[in-house]
Every structure is written in structure tokens, then in C-alpha cells.
Amino acid sequence: MSDASQSATILIVDDEPNVISSLKRALHAQPFKLLGATNGESALQLLEEEGADLVICDARMPGMDGPTLLRTIESRRPDCMRILLTGYEDIDQTIRAINEGRIFRYISKPWDDRLLLLAIKQALAHQHIERDRNRLQLLTQEQNIALQQVNSELESRVESRTAELMRAAEMLSAANEELKQAYVTATEVFSALLAQRLPRSRQTNKEVIELMRAFCKAQEYSQQLTDDLSMAAALYNLGKLTWNDALIALPPESMDRVQRENYKNYPTTGERLLIALEPAHDAALIIRHHQERWDGAGFPDGLVGNAIPLGARVLKLVVDFVEMKMGMVFARKVPHEEMVEKMPKYAGRLYDPELCAAFIELVKRLEEEKEAESEDVVTHNTSTLRPEMIIARSLHAQNGMLLLKEGTVITERLINKLKDFEENEETQYVIHVLQVLQDEEA
């Protein structure tokens with residue numbers, strides 16, 4: 001006996017009680033619960049009260065006939081299996097039962113007990129398979145719903161985690177940018193220390209930095225390139241720290257052969273001193289090559305044209321312009337007007353032609369602005385400074401040390417520190433402040 005037949009309930013419906021009794025006798029040895037009804041109405045009531053796994057129904061019955069009863073059962077209990085008992089003359093009822101009641105099988109009267117039992121077992125086995133399939137289908141649906149919920153929760157967590165990581169990345173990026181800016185500022189402070197090895201008249205770093213920043217802004221260079229160039233401008237003469245004071249103050253034009261060879265080493269020395277500092281790697285490369293020439297006759301590597309890094313080509317223009325004006329290349333100081341006139345003549349030999357043209361245009365414009373004195377900037381001393389004013393031009397101490405960087409927002413603490421510096425240096429600073437903030441305060 002299959003599991004499908006264990007404890008199955010079978011409802012037998014026939015208007016002849018002796019037929020019900022005969023069917024019960026034929027099935028008494030089986031582990032079935034057998035119920036009987038003599039008409040359709042009582043069969044339906046019994047089905048509601050007791051339930052049934054299979055209904056065996058006679059085709060011809062007074063009142064509600066077999067096909068009608070089986071059709072009703074099919075609509076109310078579609079999983080209940082249905083078998084029709086029919087005679088040879090009941091072909092119409094059989095067809096109706098098949099079409100309307102969707103019976104599993106019909107059995108002709110008189111029946112064969114063996115074939116009847118086989119039909120019942122097949123019907124119950126089919127029912128078991130269908131119920132198991134429906135159970136698995138329902139379980140699959142439930143699991144799919146649960147999986148969808150899990151996926152939805154997982155997607156939500158992933159989105160939330162992704163958002164957190166993006167916020168963390170943005171914060172890290174901002175922190176790195178702040179650190180980089182702080183590093184750039186630190187190099188400018190260190191640059192002022194380097195300047196202490198030079199006579200006051202030859203401390204170039206301040207002017208080189210300011211001119212470099214102005215060129216970067218005019219060319220709309222990226223923040224990364226601007227930062228690298230700012231650091232290179234601040235530290236380009238770092239390699240000169242290894243020289244004695246006499247050599248530092250001596251223009252290359254006045255050097256002997258040995259001194260000249262030593263002079264040519266300062267860019268590579270500066271690079272080596274910076275190479276251990278990861279944020280200064282690109283600036284170190286710029287410093288190494290800033291004495292290369294467009295025609296390949298420069299040092300240390302004799303690079304030609306565009307093989308020279310862009311930053312190095314820019315730094316050479318700025319350094320040459322400042323150092324020639326301050327008498328650090330030739331024995332005499334070259335006036336501003338003469339520099340503006342002569343530098344373009346060396347484009348294609350010493351300098352990148354395009355960069356040289358752009359640089360000369362910048363220095364001309366800066367000179368015009370300097371002469372006109374910008375209306376957006378006013379001067380203050382420490383006694384007239386007020387918190388929240390913004391520095392328009394970087395402020396340096398008498399020894400060249402950077403005190404306030406352009407763009408710094410003034411605080412009460414900074415004002416007090418400036419006053420202390422003034423007292424120590426026995427001087428009075430002139431501080432350039434953005435005019436717009438003064439107007440707002442007024």
C-alpha cells in the first residue's frame with residue numbers, strides 16, 4: 001500500500017443502499033475511512049462535515065444526478081478526486097461528468113473489485129502527487145518572496161554601505177586635500193628658512209612663489225599641477241643648501257669651471273632631498289628638470305622640447321625672470337622692462353615658445369595692475385586689522401619667512417601674533433586686505 005492510500009477518506013454516493021454496501025464490502029480490507037450518502041444534497045453536507053479525499057458517485061440518481069454532483073464537488077473541492085459509476089446506457093452522463101465534473105475515471109457497472117481498487121489507488125496516488133506539487137509550488141513561492149525580501153534588504157544595506165563608503169571617501173579626499181594644502185603652505189615656510197642663507201637682496205622664493213601662482217591661475221591649471229608647481233617654486237633652490245655662503249651669493253656668470261660644475265648639480269641634489277617625501281614626488285621631478293633648455297643644451301639630462309616636463313618648463317621661465325631681475329644669474333640686475341623685451345627672443349632656444357608668450361603677457365598685465373593699484377585691495381596695519389578680514393597678498397617677515405598666506409581669514413589670535421612679531425622685529429607690517437570685506441564691515 002502506498003503512502004497516498006494510508007488513512008484516505010472515500011465518500012460513496014448512490015441512491016441504492018445495497019450498492020453502497022457492496023462497495024464498502026469490496027473495500028473493507030483496505031485502510032480507508034468509508035462514508036456513504038444516498039443523494040447529492042446529503043453527499044455535499046457530509047463532504048463539508050467529514051471531508052473526503054475521493055468520491056465515487058453513481059451517474060443516475062433522482063434529484064441531483066452524478067455529473068451535477070461531481071461538477072459541484074469540483075468547484076468546491078478541486079483537490080477531491082472523482083470517479084463515476086455508470087452503465088452502458090449512461091453515455092451522455094459519462095460525457096457530462098468528464099467535461100463538467102472533470103472526473104479522474106469512470107467505471108462501468110457491474111464493476112470488477114480488482115479494477116475498482118486499482119482505479120482508487122491510482123486516483124489517490126495522483127492526488128498525492130498533485131498535493132505534493134502544490135505544496136512544493138507554494139513553498140517555492142514563499143521562498144521566492146522571502147528571497148526577494150532578503151535581496152531587497154541586502155540591496156538596501158549595500159546602498160546604505162555604498163553611501164557610507166562614498167561619504168567616507170569624500171571625507172578622506174577632503175582631508176587629503178587639506179593635508180596637501182597644509183603641506184604646500186609648510187613648504188613655503190621652509191622656503192623662507194632657505195632664504196636665510198641668501199643676502200636679503202637675493203631672496204627669490206617669495207617672488208617666485210607669487211609669480212608661479214599667478215601664472216597657474218592665468219593658465220587655469222588643475223589644482224594638482226598648481227600645488228606641485230607651488231611646492232617646486234618654494235623649494236627649487238633646496239639643493240643650494242649644500243653650498244658655502246660665497247657660492248650661494250655668486251652669480252653663475254662669475255663662477256669658475258669647478259664652481260660651475262657644482263652649480264649644475266643643485267637641481268638633482270634638490271630632487272634627492274625631496275624624493276623621500278611622497279607628496280613632493282612630482283615637485284621633485286619638476287625641480288630636477290627646471291634648468292633644461294628647449295633646444296636640449298640644458299642640464300642635468302639634456303632633454304629637448306616637450307620631453308621636458310610641463311612643470312619644469314614653467315618653473316624655468318619664472319625662476320629665470322626673477323633671478324635675472326635680482327642679479328642672481330648675471331653680475332648685474334636686469335630691469336623688468338629689459339626682461340620683458342629679451343625673454344621672447346630666447347623662445348625656442350631656452351624656453352617653450354607657447355609658454356614663453358603666455359608668461360610675458362602675464363608679467364605685462366601684472367605690472368599694469370601693480371601700477372594701477374587694484375581697487376579691490378586696501379592696506380592696513382596691525383592696529384586697524386579686524387577679525388574675518390581676508391588677506392589679499394601673502395605677508396612675509398623681514399627675514400622672508402611667510403607669516404600669512406593669501407586667502408587667510410584674520411582672527412584675533414593672528415592679529416596678536418602679528419603685533420608680537422612687529423615688536424620683536426622692531427618694524428610695522430603693511431597688510432593687504434580685500435576691499436569688499438571692509439565695505440561690508442562699514
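The structure holds 17 salt bridges, a salt bridge being a side-chain nitrogen of Lys or Arg within 4 Å of a carboxyl oxygen of Asp or Glu. This is a predicted model, in which local features need pLDDT of at least 70, side-chain atom pairs count only at pLDDT 80 or more, and totals for chains, interfaces and linings use all residues. Residues are numbered from 1 along each chain as its sequence is written, and side-chain values use heavy atoms, with hydrogens and water left out.

**Overall build**

- The protein has 16 helices and 9 strands; helices (H or I, at least four residues) and strands (E, at least two) are DSSP runs, numbered from the N terminus.
- Of its 442 residues, 43% count as buried. Buried means under 20% relative accessible area, exposed means over 50%, and partly exposed lies in between (1.4 Å probe, protein chains only).
- Among contacts (heavy atoms within 4.5 Å) with a separation of 6 or more, 66% are between residues 24 or more positions apart.

- Side chains of opposite charge can pair when their charged atoms come close.
- Lys109 and Asp14 meet through their side chains in a salt bridge of 3.5 Å, N to O. The pair links distant parts of the chain, 95 residues apart: Lys109 is in the loop between strand 5 (105-108) and helix 5 (113-195), and Asp14 is in the loop between strand 1 (9-13) and helix 1 (17-27).
- Lys109 is partly exposed at 26% relative accessibility, whereas Asp14 is buried at 0%. A network of salt bridges links Asp14, Asp58 and Lys109.
- Arg131 pairs with Asp79 in a salt bridge whose closest N and O atoms are 3.3 Å apart. Arg131 belongs to helix 5, and Asp79 to the loop between helix 3 (66-76) and strand 4 (81-86), 52 residues apart.
- Arg131 is partly exposed at 35%, and Asp79 is partly exposed at 39%.
- Arg313 and Asp352 form a salt bridge with closest N and O atoms 2.7 Å apart. Arg313 lies in helix 12 and Asp352 in the loop between helix 13 and helix 14 (353-372), so the pair ties together parts 39 residues apart in sequence.
- Arg313 is buried at 13% relative accessible area, and Asp352 is buried at 9%.

**The second largest pocket**

- The second largest pocket has a volume of about 560 Å³. On a 1 Å grid over the protein atoms alone, a pocket is an open set of points where a 1.4 Å probe fits, with protein on both sides within 12 Å along at least five of seven lines; lining residues have an atom within 4 Å of a point.
- Its lining has 26 residues, and Asp320, Met324, Val329, Phe330 and Leu350 are the closest to its centre.
- Helix 9 (257-264), helix 12 (310-325) and helix 13 (336-342) each give two or more residues to this lining; helix 12 supplies the largest share, 4 residues.
- By type, the lining holds 13 nonpolar, 2 polar and 11 charged residues. Ala, Val, Leu, Ile, Met, Phe, Trp, Tyr, Cys and Pro count as nonpolar, Asp, Glu, Lys and Arg as charged, and the others, Gly among them, as polar.

**Val409**

- Val409 sits in the loop between strand 8 (402-404) and helix 15 (412-425), and is partly exposed at 43% relative accessibility.
- Val409 and Ile391 are 18 residues apart in sequence and 6.5 Å apart in space, C-alpha to C-alpha.

Notes: Grid points are joined across faces, edges and corners, and a volume is the space filled by probe spheres set on the points.
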